[in-house]
Amino acid sequence: MKEGTKLAEFMIKDINLAPQGLKKISWAASHMPVLSNMGDELEQIKPFAGKKVVICLHLEAKTGYLAMTLQRGGAKVAVVASNPLSTQDDVVAALVKQGITAYAWYGATGDEYRLHLNKALDFEPDLIVDDGGDLVSLLHGKRRDVLPGVVGGSEETTTGILRLKAMEKEGTLSFPMMAVNDALSKYLFDNRYGTGQSVWDGINRTTNLVVAGKNVVIIGYGWCGKGVAMRAKGMGARVLVCEIDPIKANEALMDGFQVMPLIEASPLGDYFVTVTGNKSVIHRAHFQVMKDQAILANAGHFDVEIDKVALEEMSQEMVVVRPNVQQYRFSDGRALNLLAEGRLVNLAAGDGHPAEIMDMSFALQAKSLQYILESGDQLKAGVHKVPEVIDKGVAQLRLQALGYEIDQLTEEQKKYLDSWEL
């Protein structure tokens, strides 16, 4: 990896951390063959030449490699954090050394976080990559001055797409956004296997406690919840699932899990993991009946799923008992342990999804941005599905990179499937 010809403008913690960050990015890159091969192609054709791209994602090694891949495709790139507790300062420093603009540091305050987002939009992007919808919301609110120059973008998360669809329904979304999270090659792997593994990576490294033989309560049984439950079961836990959707509740039952309302699960749980994308999922009534030393963790995008205000109001004392473990002590002698301030536990207390998983997700991001440019005015403002040819193409690229082949339909079989006649 060659160092950029000059340092980009930046607001970061310490540029001297760059060598350590570059090692992290190199490690991730060696396990991301799809994005590596795609980068080779992009470097040849330069589809992003003359374009500015702002990436608002969790700033760790895999994201760093995505930024460098888009840079190879000719883009001028700026990065900004989507979560102040997931930023890895050494990775951000390494990106600056590579000539990428960066505005982020670990532990940014709310004011600093908003400053960084605004500085990133001062970059005047043509394309954006968003995570949770913060950039899109800011563009359509206080930074409408930048809006006319934005050609389009892509969204990484379930939460972000919910916000985008709400904007689309109201008629306020002003440019096309690709729903990368809804691509099969994303949510079947990233949401299920990526979240499933990385959430427990974060919980286990933070608590250093056993999972086997304990009760794990999963709140939300979407693809992320399925992954977290599957991994908990694999570690020997008894899994209880809480849902509002009867179809998903039936899925959980048939997957072998107990299903019940959260208020019934609250006295039973040793671990609680929220995976809903909604607010105040665990609240005062649940805290009142939880057992002593229960672990509370969030795997949804924003830190609103566990009602931290109620938790603080109910407690007599708050103590940081381990890094990323805030203990709330009640007058009845019980204590509840909140991990990573209720933020995304897999990133705020870990390294996020495995590199091999993000390889597919970030390849979809790069291809989606390319698709927006190639589509031109044909792609209207709104939320757009990733085309099947891109979705399946990324999956095929991964198989090829791993050395696997699969069968192909014969012409006779294709004709049979396309016909209604016997």
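Is Gln 293 buried, exposed or partly exposed? In this predicted model, Gln 293 is partly exposed, with a relative accessible area of 40%.

**Two residues with positive phi**

Gln 293 lies in the loop between helix H12 (284–287) and S12. Its phi is near 75°, a positive value in a residue other than glycine. Most residues other than glycine have a negative phi. A second case is Ala 340, which is not a glycine and yet has a positive phi of about 55°. Ala 340 is located in the loop between strand S15 (335–339) and helix H14 (345–348). With a relative accessibility of 0%, Ala 340 counts as buried, whereas Gln 293 is partly exposed.

**Parallel strand pairs**

The pairings described in this report are listed below.

| Strand | Partner strand | Sense | Bridges |
|---|---|---|---|
| S6 (residues 152–155) | S7 | parallel | 3 bridges |
| S7 | S16 (residues 382–384) | parallel | 3 bridges |
| S8 (residues 215–219) | S11 | parallel | 4 bridges |
| S11 | S12 (residues 294–298) | parallel | 4 bridges |

Strand S7 comprises residues 176–179, and both of its faces are covered. Pro 176 and Met 178 are buried on one side, and Met 177 and Ala 179 are buried on the other. S7 pairs in the parallel sense with S6, and here Glu 155 stands opposite Ala 179. From S6 the chain crosses through helix H7 (residues 158–170) to S7, and this β-α-β crossover is right-handed. S7 also runs parallel to S16, where His 384 is the residue opposite Met 178.

Strand S11 (residues 271–274) likewise has buried residues pointing both ways. Tyr 271 and Val 273 point one way, Phe 272 and Thr 274 point the other way, and all are buried. Tyr 271 is the bridge partner of Val 216, within the parallel pairing of S8 and S11. Phe 272 stands opposite Leu 296 in S12, and S11 and S12 are joined by 4 bridges.

**Helix H1 and its two sides**

Helix H1 covers residues 18–29, which makes 12 residues. From its first C-alpha to its last it reaches 16 Å, close to the 16 Å expected at 1.5 Å a residue. Which residues of H1 are buried? They are Ala 18, Gly 21, Ile 25, Ala 28 and Ala 29.

**Cysteines**

How many disulfides does the structure hold? The structure holds 0 disulfides. Cys 56 is in no disulfide, and the nearest cysteine sulfur, that of Cys 224, is 18 Å away. A disulfide is a covalent bond between the sulfur atoms of two cysteines, and the cut-off applied here is a pair of sulfur atoms within 2.5 Å. For Cys 224, the closest cysteine sulfur is in Cys 242, at 17 Å, which is too far for a bond. Cys 56 is buried, with a relative accessible area of 0%. Cys 224 also counts as buried, at 19% relative accessibility, given that buried means under 20% relative accessible area.

How values were computed. Residues numbered from 1 in each chain as written. Predicted model: local features only at pLDDT ≥ 70, side-chain atom pairs only at ≥ 80, totals over all residues. Heavy atoms only, no water. Expected span 1.5 Å × (residues − 1). Buried < 20%, exposed > 50% of the residue type's maximum accessible area, 1.4 Å probe, protein only. Pairing = 2+ DSSP bridges. Right-handed = clockwise from strand over helix to strand, strands pointing away.
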